Amino acid sequence: QVQLVESGGGLVQPGGSLRLSCEASFTLDYYAVGWFRQAPGKEREGVSCISSSDGSASYADSVKGRFTISRDNAKNTVYLQMNSLKPEDTAVYHCAAPDRTTTHEPICPLSVYEYDFWGQGTQVTVSS
C-alpha cells in the first residue's frame, strides 16, 4: 500500500523554525518528492521539491533562502527544514510523490498536477 506520512508540524512564533518529515511506505530512491501547502480558502501551492536523479531542489519564490529540502533514501524520508517562519507560512503542509519513476528527469516539478500520491498533511501555525 502506497502511503506518505507527514510529521513535525506545530505552533511556532514568527522567526522560529520547524522541520517537517515525510516518510514513505515504498522505496523513494526513484521518485521525486514535493512539499505543498494549503491555507484556508486558498489553493494548494507548491513549496519545494527534490529530484531523484541528483537530489537537486526547486523552491517557490516565497520560501527561497528560508526553507531547505533534503532526502534520506535509506530511511525513505524527505525533510523540509523551515527557518525564519512568517505568519503567511501558516498552512497544512502535504508531501507528495508521482506515480512514475523520475530518475531521468533532472528537474522536479512543483505543480500539483504532476503528483499522484499524497499524505494527509501536517498543520503549521506561525503566530505570536
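Which residue lies over the face of Y79? R19 does, at 4.2 Å from the ring centre, where a charge is said to sit over a ring if NZ of Lys or CZ of Arg is within 6 Å of the ring centre and within 35 degrees of the ring normal.

## Basis of the description

This is a predicted model, in which local features need pLDDT of at least 70 and side-chain atom pairs count only at pLDDT 80 or more, while totals for chains, interfaces and linings use all residues. Residues are numbered from 1 along each chain as its sequence is written, and side-chain values use heavy atoms, with hydrogens and water left out.

## Overall fold

The protein chain has zero helices and eleven strands, helices being DSSP runs of H or I with at least four residues and strands runs of E with at least two, numbered from the N terminus. The radius of gyration, taken over C-alpha atoms, is 14 Å, close to the 14 Å that the globule rule gives for 128 residues, so the protein chain is as compact as a globular protein of that length; the rule itself is 2.2 Å times the number of residues to the power 0.38.

Along the principal axes, the C-alpha atoms fill a box of roughly 45 × 30 × 30 Å. Of the contacts with a separation of 6 or more, 62% are between residues 24 or more positions apart, a contact meaning heavy atoms within 4.5 Å. Buried residues make up 43% of the 128 residues, where buried means under 20% relative accessible area, exposed over 50% and partly exposed in between, with a 1.4 Å probe and protein chains only.

## Aromatic pairs

Rings of Phe, Tyr and Trp (its six-membered ring) pair if their centres lie within 6.5 Å, and planes under 30 degrees apart count as stacked, over 60 as edge-to-face and the rest as tilted; the count comes to four aromatic pairs. One of them joins F26 and Y31 edge-to-face, at 5.5 Å centre to centre with 85 degrees between the planes. F26 is buried, at 17% relative accessible area, whereas Y31 is partly exposed, at 21%.

F36 and W118 form a tilted pair, at 4.9 Å centre to centre with 55 degrees between the planes. This pair links distant parts of the chain, since F36 is in strand β4 (residues 33-38) and W118 in strand β10 (residues 117-118), 82 residues apart. F36 is buried at 0% relative accessibility, while W118 is partly exposed at 27%. Ring pairs link F36, Y115 and W118 into a cluster, and R44 lies over the face of W118, at 4.8 Å from the ring centre.
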